[in-house]
Amino acid sequence: MTPEQNDLLCRVEGAAPMGQLMRQHWMPACMIEEVAEPDGTPLKVRLLGEDMVVFRDTNGRVGALDEFCPHRRASLSFGRNEECGLRCLYHGWKFDVDGNAVDMSSEPVDAKLRSTMKTKAYPVREAGGFIWVWMGDPGNVAEFDPPNWAAAPDDKISIVKMHGACNWAQVLEGSIDSAHSSSLHSSNMPAALDVAGSTATDTAWLRPSADKAPRIEVEKTPFGFRYVAIRKPIVDADKQDYVRMTLFVAPFTVHIPSNDRYHLSQMLVPIDDVNTMFYWIAWHPTKGIGQDEWRRFCGAEVGKDVEPVTFRKVRNAENNYLQDRDAMKQGDFTGIYGIPTQDMAMWESMGAIADRSEDRLGSSDKAIFTFRTQMYRAAQAVQQGEAAIGTVEPRVPHGKLMSFEGMVPKGDDWRNLNVSDEELRIRANQAARKGRTVEAAESVA
Ligand code: FES
Ligand SMILES: [Fe+2]
C-alpha cells in the first residue's frame, strides 16, 4: 500500500472516510457492567476521536451525551448523576438522557435559552453485554442488528476488555491471522494427540494439529468475508483436514473459531487514529465460561492485569510487557503472560499506525490482503458518496453468522460449513442473477 492508501484504511477521526463508514454502523461504546448502576459514576468514552459521556439515570435509562457541556465546555464526566439527569459541576446546567436541558441554574427563570437548550445525545441500545451508540446521521438511524452473541437474550456472555496503544486496523489484522496462533500463542494453544478439535482446559486450548503453515482460502461475502486456515491434523492426515474458519464482519467485528466450551468473537473498536479498544467475547447458549474465569484465562483481570476504567495494560510497552527470558529458556514461547497481551506486544511494536508500504505479505496473509483491499475500497466508496459496506442489500442477518472449527473430510467444500439458510438463499439468488447476465450477454453476442 502507498502511505496515502494506508491513511485511507487506518484513519477514522473527523471527516476521514473510514470514520464516516463506521458511523453508518452501531458502535460499541462500553460494556453494560461499566454503567450498570442507576445514578452511578458517568463514564468518559472516546470513539472515532469523538468524546462522549455515558451514564445511567435514576430510572435506569442510558444516555450518551457530548462530553463537553454546551455552556462553556467543561467535562460532564465530573457531573452529578441524579434525579434523571447529569448536572454540570461548573454552573449547574443539567441534561437528561435525550440531551434536553432540564435545568439551567445560572440563568434567570424566564430566560429564553431555557426552552431551546439541548446538547448532543447519541441514540443508544443495550444488547449482548454492550452499550451501543449511533454516531451517524441522527435523521437516518439504522435498525440495530444484534451480533451473534447478542441475538439470543439468554446466552452466557463473558467479555475481556483491553486498551491497545495503536491503530485499529493492525489490531484487526491480528484477528484474521490464523497463522500467528501456531507461533505467538503456541504455548497457550499446544498440539495434542488425543483431541478431535479445539479443547479448552483451565489454562490452554489444545488443538489436533502441529502444522504451523496453514493453507489460507478466502471467500468474499455481503458482510465482509470468511476465510479458512487448513492444517494437517496429527491423525489421519491423508483422509481429513483440520479446518479453522474465521468471519470478518465489516467494519470491525471478527468471529474466530470456537472451542468445545464457548464461541469466540472480537470487536476492534477505534478510540481514535492511534488507540483501539479490544473486546474479546466468549459466549455460548448453554455451556460458556464465567466472566471471572474468562478474564483470568486471558490475563485480563480488571485491577490486576488492566487498570480499572481505562483498561490500560499493566504489562505494556514501557515495561517490555514484563517479558520473562528465563521462562522462554524453559519452553514458554514468548515469555509474555496472557494471549491478548502477547498480541498487544506485536501490534503496538509496529508503531502507532503500521507502515503498510514497508511490509511483505506471504501466502499465509491472504485474509490480511483481502481485508486491506476490501476495506480500502469500501472507504473509497464512502468518500465518493456511496453507502458503507455491510449496509446495503442483500444483508445477511448478523445474528446467524458463525465461525467453524473441526475435522473435515478431504474434498468437502468448506464454503458450506455453518452457513445460514438466509445466506444460502442470497447466494442462490446471486448465482441465478449472474447466470441471467451471462445468458443475456450471450444472446446479444
Ligand atoms: S460549563 Fe457546564 S454549566 Fe457552565
Ligand atoms: Fe493472537
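**Where the two domains meet**

Modeller: Between domain 1 and domain 2 the count is three salt bridges, a salt bridge being a side-chain nitrogen of Lys or Arg within 4 Å of a carboxyl oxygen of Asp or Glu. Asp272 forms a salt bridge with Arg46, with 2.9 Å between the closest N and O atoms. This is a predicted model, in which local features need pLDDT of at least 70 and side-chain atom pairs count only at pLDDT 80 or more, while totals for chains, interfaces and linings use all residues, and side-chain values use heavy atoms, with hydrogens and water left out. Residues are numbered from 1 along each chain as its sequence is written, and chains are lettered from A and ligands numbered from 1 in the order in which they are written.

The domain assignment gives domain 1 as 26-133 and domain 2 as 149-430, with bounds that come from an automatic or database domain assignment. Taken over C-alpha atoms, the centres of domain 1 and domain 2 are separated by 34 Å. In contact across the boundary (heavy atoms within 4.5 Å) are 18 residues of domain 1 and 17 residues of domain 2. About 1,300 Å² is buried between domain 1 and domain 2, 68% of it on carbon and sulfur atoms; buried area here is the accessible area, with a 1.4 Å probe, that two parts lose on being put together, summed over both. On the side of domain 1, the residues that lose the most area to domain 2 are Met31, Arg46 and Phe130, together 34% of what that side buries.

Eight residue pairs, both members at pLDDT 80 or more, are in polar contact between domain 1 and domain 2, where a polar contact is a pair of N or O atoms within 3.5 Å, one able to donate a hydrogen and the other to accept it within protein, and residues adjacent in sequence count only if both atoms are side-chain atoms. The side of domain 1 that touches domain 2 draws at least two residues from each of β1 (27-31), β2 (43-47) and β10 (130-133), these elements being DSSP runs numbered from the N terminus, with helices (H or I) of at least four residues and strands (E) of at least two. β1 gives the largest share of that side, five residues. By class, the residues of that side are 12 nonpolar, three polar and three charged, with Ala, Val, Leu, Ile, Met, Phe, Trp, Tyr, Cys and Pro taken as nonpolar, Asp, Glu, Lys and Arg as charged, and the others, Gly among them, as polar.

For the structure as a whole, the count comes to 31 salt bridges. One of them joins the side chains of Arg295 and Glu33, at 3.1 Å from N to O. Since Arg295 belongs to helix α5 and Glu33 to the loop between β1 and β2, this pair ties together parts that are 262 residues apart in sequence.
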